[in-house]
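Please walk through this structure step by step, from its strands to its cores and then to one of its helices and a pair of rings.

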Amino acid sequence: MTYLDEVARQGSIRKAAAVLKVASSSVNRKIIGVEESLGTRLFDRHADGVELTEAGAVLLEHCRKTIFDYQKILTQIEDISELRSGHIHIATLDSVAHSVLPKVLDQFSQSHADIQYTIQTAQPDEVMMGVADGEVNIGISFCNDLLPGVRIHSQKSTPIGAILRPDHPMAERDALEMEDLAPFQVVRSFDGRARQSLLNEAVAEAQTDLPLQLITNSLPLARSLVLRNHGIGIYSKIGFLDEIEQGLLRYITILSPVLKDLKIGILTSSRIHPTPATHLMCRSLTKALKALRLDS
C-alpha cells in the first residue's frame, strides 16, 4: 500500500523508489504483482512516468484510508501507553459511586497516576442524557432503554429487589410480589419523582399500591434507615454489598418484570470516539461489574 501510494504521489516508479529508499525494480515488482493478482492494470506506463488507471484510483483511495486508519491506531496505542489524554468525566448512579468506583479508581490510579477525574452522581435518565449529549465520557446506569447516540460498552444483570434486615417478618421469603410490600414502609430512591420511575411502573403493572413510602436521594440515609428497621429498601444489591456480605441485610427478589429484568451498563457516546483513558476505564469498570453477583 505504501509503494502504491508513493508511486501515485510521484507519478514515477523511479522517484518513488528514491523517496522510499529502495530499488526501482523492487517497487516495480510489487506493483506488477498486485496488478497480476487483481487481473487489471493500476498504472498506465509512459515515457515520462506512470499515471493511475480508474482501477488504480479506486484502490489508491482504499489504501490511503487504510494507511491513515493504521497510523491513527498506532497513535492511540502510543496514547494508551503514555495516557496523554488525562481526564475522564463519569456520571453514575450513587450506588455504583459508593460500592464499585472507589476500588476501581484505586487500582486504576496505580497504573495511571496522572489521570484526572470529574465524577457526578445522577438519576438514571440524567446519566443517559449526559452521555447522549456528549457532556460526560462514561455513564453508569440502567440501560434497558437507550437514547439515540448512546452505546453500551458492557452490561450486567442488576435487578431491583427488596433490601431488609434478617429479623424482618418477610426476611425468610425467597421472593416477593409487589403486593407483599404494601403493609410495610418502603424506603426508595428519589427516582420516585422522576419522569420515568421504574418503581412506579412496577407498582402500576402489579395493580397495587405502596401507601407507606419514604423517598430519599441519599443512599447512605436509605442504608441507615433499613439497618435501623425503619422500612424495606427497594434497591439493587450494588449499594448494599458490604452489609449483605456481612449478614446485616438480606436481598430478596421482587417478582416484577420491570424490576427483575433490569441491566446496568457502562455507557459511552456512539458519536464521539473514546479517548484511550476512557477506553481503559471502561475496561476496568467492566471487569469490576463482571465480578459482582447482583441477580440473587
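In this predicted model, strand β13, which spans residues 263-269, is mostly covered, since six of its seven residues are buried. Two strands pair with β13. One of them is strand β5, made of residues 138-142, which runs antiparallel to β13 and is joined to it by four bridges; within this pairing, Ile140 stands opposite Ile266 of β13. The other is strand β6, residues 150-157, which pairs with β13 in the antiparallel sense over seven bridges, and here Ile152 is the residue that stands opposite Leu267 of β13.

From the strands we can turn to the nonpolar cores. The largest nonpolar core has 44 residues, and the members that touch the most others are Ile138, Met178, Leu181, Leu259 and Met281. Helix α12, residues 276-290, gives the most to this core, contributing six residues. To see what surrounds one of these members, take Leu181: when its neighbours within four places in sequence are left aside, Leu181 is in contact with Leu176, Val186, Leu210, Ile232, Ile234 and Ile254.

Next comes helix α9, residues 219-227, where Leu219, Ala222, Arg223, Leu225 and Val226 are buried. How are these buried residues of α9 arranged when the helix is seen down its axis? They fall within an arc of 165 degrees, and therefore they line one face of the helix.

Phe240 belongs in turn to the one aromatic pair that the structure holds. Its partner is Tyr235, and the pair is tilted, with 5.4 Å centre to centre and 50 degrees between the planes. Are the two partners buried or exposed? Tyr235 has 9% relative accessibility and therefore counts as buried, and Phe240, at 0% relative accessibility, counts as buried too, because the cut-off for a buried residue is under 20%.

Notes. Residues are numbered from 1 along each chain as its sequence is written. This is a predicted model: local features need pLDDT of at least 70, side-chain atom pairs count only at pLDDT 80 or more; totals for chains, interfaces and linings use all residues. Side-chain values use heavy atoms; hydrogens and water are left out. Rings of Phe, Tyr and Trp (its six-membered ring) pair if their centres lie within 6.5 Å; planes under 30 degrees apart count as stacked, over 60 as edge-to-face and the rest as tilted. Buried means under 20% relative accessible area, exposed over 50%, partly exposed in between (1.4 Å probe, protein chains only). Two strands pair if DSSP finds at least two bridges between them. A nonpolar core is a set of buried Ala, Val, Leu, Ile, Met, Phe, Trp, Tyr and Cys residues joined through side-chain atoms within 4.5 Å. Contact means heavy atoms within 4.5 Å. The arc is that of the directions from the helix axis to the C-beta atoms.
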